[in-house]
Amino acid sequence: MNKTKIIIAILAGLSLSACANLEDSSDSRSSGAKLDQPRPDIICEWGTERFDLCQYESEPEMVKALIEKMTLQEKIGQMTQSVWHNGVNPDIIREQNIGSIIHTQGPTPGPLPLDWINKFDEFQIQALQTRLGIPLMTAVDAVHGQNTFEGAVIFPHNIGMAATRNFDLIQRAAEITAIEMAGTGFNWTFSPCIAMPLHEYWGRVYEGFSEDKDLTISAVSASVKGHQGDDLGLRHTVAATAKHYLGDGATEGGREGGNAIIDEATLRDYHLPPYAQAVNQGIASIMVGFNSVNGINMHQHQDLVANVLKGELGFEGVVLTDWNGGIRYGEPHIVINAGVDVAMQPGNHEEFMSKLTASVNDGTVEMSRIDDAVRRILTMKFNLGLFKDPFGKREFSLKVGSAEHRKVARQAVRESLVLLKSENDVLPLSPSDDIAVIGEHADSTGLQSGGWSINWQGTTESYAGATSIIDGIRSIAPNTEYLSQGCTADMRANTAVVVVGEQPYAEFKGDTDQLWLNDVHKGYIDSCKKLDKSVVVVLISGRTLIIEDDLNKSDAFIAAWLPGSEGSGVADFLFGIDGFTPVGKSPYAWPKSFDDLPLGRFDEKALFPFGYGLTEY
């Protein structure tokens, strides 16, 4: 008996009778991906109580009826999000009516996409066996592709995508991410990050598109469109999340979770517009940040969340916390009264739920605030089509990591690279040149991908399905030498491609004031220069660094950012494959010295201004 038939049998056992033929709907799941097919009619009867939604004419009426039927415990369950492998199992989902789960660092459901779908369907089955059978949402930090599944396509991080200035490509990357999410069992991503980082110290610079407001707004529009499409309920679309509201990239000294001092004019003229664009695009959810604004943590900032975001901007979607946010920044009632609807509680959901229950019972949190949160959550579930088909979209499992998707990611890599220097006719390389590739970053797909790649903090090892930079180069010039520790006197090559950069990091672990290459990597460049080689530096980094000395020792210098799984895109750039010429433009200004930080986009002290990038080799 295949998985689809098992699911149908379970639905029949729960008396979930559909207005349309459910088996016809399930057959379409296995007949191939149809991206433009209409949403099936709604399933009528839900849960062990066989609550009939089809007695109501519209989805808002259905949402209202469900809320009126729900107990306080069921409502608070919907407002709670748990990590599926951290103190939660399918039975707990059923017993506590938990509304959503996330996948993050830790065990995985298995090596195959269908393993992931099957696992999350187990959780969904239990959600459907609650009294009202409200379906579960499954979420993931898919921030540059479905980067938690080994074998999925991983795109350049947002800093690189913004460098392409190709908004159609940003949209297509988001579409592919949504498809590969659906193919691994997810319907909700915590992306895009729309921070505008103002200090290179911050360990999340690469998660934002740019320090430029207009560039960020355009990228946000493309990303939301790609993830959510024209209809959030289509089988290949997912709910997007703009994060981290508000001012997370503007903290003092660029410290993760720090305090951002922002005057009213700057807040409204600079920080709010990308979120206004996301709201106008119909984004499904917005995540508040770890940071504070003018001394008030964003998880507690009622003025900016309830009054500005929901009131002035008219946001009707779901506001959620960041990690452990329902408890981390004070009692749950403070967070919920600030306007947050869903609390992400890893392994401690019971504490959050019990405390919030007590606060409702004693009047600290009004039932109207709870009902508003649940209305938003249920509306999002209806919009996602979960009341029409709550299970994983199995037909997309074969598309995860497909050649078609990798081709798009490869294009994104070559268009994201920014040529900062090109002299002495060293570029483009020729396949007939004697070439050596230097540095461990050239031979590790983990190092070239940065944080949020397979693991939260990334990996230093290569991962399945990806192509390293050296393998990409060797596919064009098979006789290329590889020297991991620098140039040597006995090397035959006259041209050295020196691949250097940062180690992978994420969030606060990337906060640093060491904004330059380490001595070992500087030594790689020096070793080649001393031997009078032509030196092409490829910099792998999640932010602009202080590179003037290294730049002066090179014949060509390329900012490659964090290119992701398709190292062949770097090779395409180096060799000018099929007539390619550079198009990347820096999304940030480059500092000459540490003392110049923070650096404005067009600061006269900049080594290179915002938007710099050579377009000829």
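Where is R394 found? I looked this up first. R394 sits in the loop between α16 (367-383) and α17. I note that the model is predicted.

**Entry: R394**

I checked burial next. R394 has a relative accessible area of 12%, so I log R394 as buried, the cut-off being under 20%. I then took a distance to V153. R394 and V153 are 241 residues apart along the chain. Their C-alpha atoms are separated by 18 Å.

**Entry: confidence**

I looked at pLDDT before going further. The chain has a mean pLDDT of 94. I find 94% of its residues at 70 or more. Residues 1-39 stay under 50. For that stretch the model has 67 contacts beyond four places in sequence. Where pLDDT is low, predicted coordinates should not be read in detail. I leave residues 1-39 there.

**Entry: helix α17**

Which residues of α17 are buried? I list H405, R406, V408, A409, A412, V413, E415 and S416. I note that R406 and E415 are on that list.

**Entry: helix α8**

The 16 residues of α8 should span 22 Å at 1.5 Å a residue. I get 23 Å between its end C-alpha atoms, which agrees.

The buried residues of α8 are L169, I170, A173, A174, I176, T177, A178, I179, E180, M181 and A182. What covers them? The cover includes the helices α6 (113-128), α7, α9 (213-228) and α17. It also includes the strands β5 (137-140) and β6 (188-189).

**Entry: α10 against α11**

Two packed helices are described by the angle between their axes and the distance between the axes. I looked up both values for α10 (residues 264-271) and α11 (residues 273-280). The axes come within 5 Å and cross at roughly 45°. That makes α10 oblique to α11.

Which residues make the contact? From α10 I note R268, D269, Y270 and H271. From α11 I note P273, P274 and Y275. I sorted the residues of this contact by class: four nonpolar, one polar and two charged.

**Entry: T445**

I went to the loop between β15 (435-438) and α18 (469-474), where T445 has its place. Is T445 buried or exposed? T445 is buried, with a relative accessible area of 2%. What does T445 touch beyond four places in sequence? I count in E461, S462, Y463, A466, T467, S468 and G564. I also took a distance to G465. T445 and G465 are 20 residues apart in sequence and 9.6 Å apart in space, C-alpha to C-alpha.

**Entry: I470**

I carried on into α18, where I470 lies. I470 is buried, with a relative accessible area of 1%. Leaving aside neighbours within four places, I find I470 in contact with V437, A442, D443, T480, E481 and Y482. V497 is 27 residues from I470 in sequence. C-alpha to C-alpha, I470 and V497 are 9.6 Å apart.

I checked for cis peptide bonds. One joins Y245 and L246, with omega about 0°. L246 is in the loop between β7 (241-245) and β8 (259-260). Another cis bond joins L597 and P598, with omega about -5°. P598 falls in the segment after α21.

I then checked phi. N97 has a positive phi of about 55° although it is not a glycine. I place N97 in the loop between α5 (90-96) and β4 (100-103). At 12% relative accessibility, N97 counts as buried. N424 is not a glycine and has a positive phi of about 60°. I find N424 in the loop between β14 and β15. N424 is exposed, with a relative accessible area of 60%.

Terms used
Residues are numbered from 1 along each chain as its sequence is written. This is a predicted model: local features need pLDDT of at least 70, side-chain atom pairs count only at pLDDT 80 or more; totals for chains, interfaces and linings use all residues. Side-chain values use heavy atoms; hydrogens and water are left out. Axes are lines fitted to C-alpha atoms, for helices over the stretch in contact, and angles run from 0 to 180 degrees between N-to-C directions. Helices (H or I, at least four residues) and strands (E, at least two) are DSSP runs, numbered from the N terminus. Angles under 35 degrees count as roughly parallel, over 145 as roughly antiparallel, 65 to 115 as roughly perpendicular and the rest as oblique. Contact means heavy atoms within 4.5 Å. Ala, Val, Leu, Ile, Met, Phe, Trp, Tyr, Cys and Pro count as nonpolar, Asp, Glu, Lys and Arg as charged, and the others, Gly among them, as polar. pLDDT is the predictor's confidence in each residue, from 0 to 100. Buried means under 20% relative accessible area, exposed over 50%, partly exposed in between (1.4 Å probe, protein chains only). The expected span of a helix is 1.5 Å times one less than its number of residues.
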